[in-house]
Amino acid sequence: LEYQPQFVGVLLQGLSNVTIGPQIARMMLEFLTALRAAVQLANPQSVGPPVDALTYAHVRADVAAALLQEELTVGIDRYLLPALFSVLPAVLPCMLEDTLGTSGPLGRSHIRAVISILQMGRQANAFETAQLETLFDQIPGSPSTSDFISAAITHSEDFIRVAAFNLLCLSHQSAELPSQFELRFIARFIRLNLADPTHTYRQHKQSLFRKFLMRLRMGLRRHHKTWVRSKTPEQLAPY
């Protein structure tokens with residue numbers, strides 16, 4: 001566990017460089033893997049999520065600061081978050097606490113960071129769709145998930161609104177039925193945003209909505225097949 005305190009911070013700053021970003025991402029992945037192994041060796045009684053939390057504690061301050069830096073957005077989304085969730089799948093609560101547990105209103109950088117964390121966490125299966133509505137409940141000082149999503153889909157910036165819509169529309173399981181929570185905010189987003197005059201973002205929103213409809217269709221199809229298999233021929237006769 002002995003390494004230079006500045007090491008992680010220097011690595012994270014390099015993520016903004018498109019030339020060396022991929023190499024730094026590999027170094028970060030190898031470093032986190034070695035760090036977790038060292039933490040596990042030093043704490044043999046701990047397994048799973050506790051080891052992830054103990055490991056993350058060594059890099060938490062640097063990662064929390066990097067998450068809020070706008071110039072690192074692309075590197076964080078493309079390299080840092082995938083590496084973190086790959087090695088430390090149970091760090092979602094820690095990252096949300098660092099970005100949500102503020103005493104004042106959430107700024108643009110906080111909202112953007114939280115959406116990125118949730119998107120990658122969902123891809124990494126760090127939480128289930130049904131958990132999204134209550135995900136912020138245990139974080140002191142944070143808004144409710146409903147208030148956060150509401151603020152994101154009505155934000156003044158197109159980028160934030162589209163990112164929130166992406167989070168609601170897409171799932172790591174292509175045939176997963178949406179929750180009532182998702183449906184409520186997707187319907188609200190459509191009423192407010194789908195007729196956006198901005199050509200680029202309008203196309204992006206329409207593309208996301210088409211993907212959501214495909215997810216809904218596949219989910220209903222799978223649900224119907226499961227329902228049919230659960231019935232006897234006599235029960236299916238009226239249909």
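Entry 1, cavity. I listed the lining of the largest cavity as Leu15, Ile24, Ala25, Met28, Tyr79, Leu80 and Ala83. For a cavity I took a set of points on a 1 Å grid over the protein atoms alone where a 1.4 Å probe fits but cannot get out, with lining residues having an atom within 4 Å of a point. I noted that helix H2 (21-42) and helix H5 (73-87) are the elements that give two or more residues to this lining; helices are DSSP runs (H or I, at least four residues), numbered from the N terminus. I sorted the lining into seven nonpolar, no polar and no charged residues. The largest cavity holds about 30 Å³ of space, and I found one cavity of 30 Å³ or more in the structure.

I worked on a predicted model, in which local features need pLDDT of at least 70 and side-chain atom pairs count only at pLDDT 80 or more, while totals for chains, interfaces and linings use all residues. Residues are numbered from 1 along each chain as its sequence is written, and side-chain values use heavy atoms, with hydrogens and water left out.

I read an angle of about 55° between helix H4 (residues 60-67) and helix H6 (residues 92-100), with their axes (lines fitted to C-alpha atoms over the stretch in contact) 10 Å apart. I recorded the contact (heavy atoms within 4.5 Å) as made by Arg60, Ala64 and Leu67 of H4 and Cys94, Glu97, Asp98 and Thr99 of H6. These residues divide into three nonpolar, one polar and three charged.

Technical notes: Axes are lines fitted to C-alpha atoms, for helices over the stretch in contact, and angles run from 0 to 180 degrees between N-to-C directions. Ala, Val, Leu, Ile, Met, Phe, Trp, Tyr, Cys and Pro count as nonpolar, Asp, Glu, Lys and Arg as charged, and the others, Gly among them, as polar. On a 1 Å grid over the protein atoms alone, a cavity is a set of points where a 1.4 Å probe fits but cannot get out, and a pocket is an open set with protein on both sides within 12 Å along at least five of seven lines; lining residues have an atom within 4 Å of a point. Grid points are joined across faces, edges and corners, and a volume is the space filled by probe spheres set on the points.
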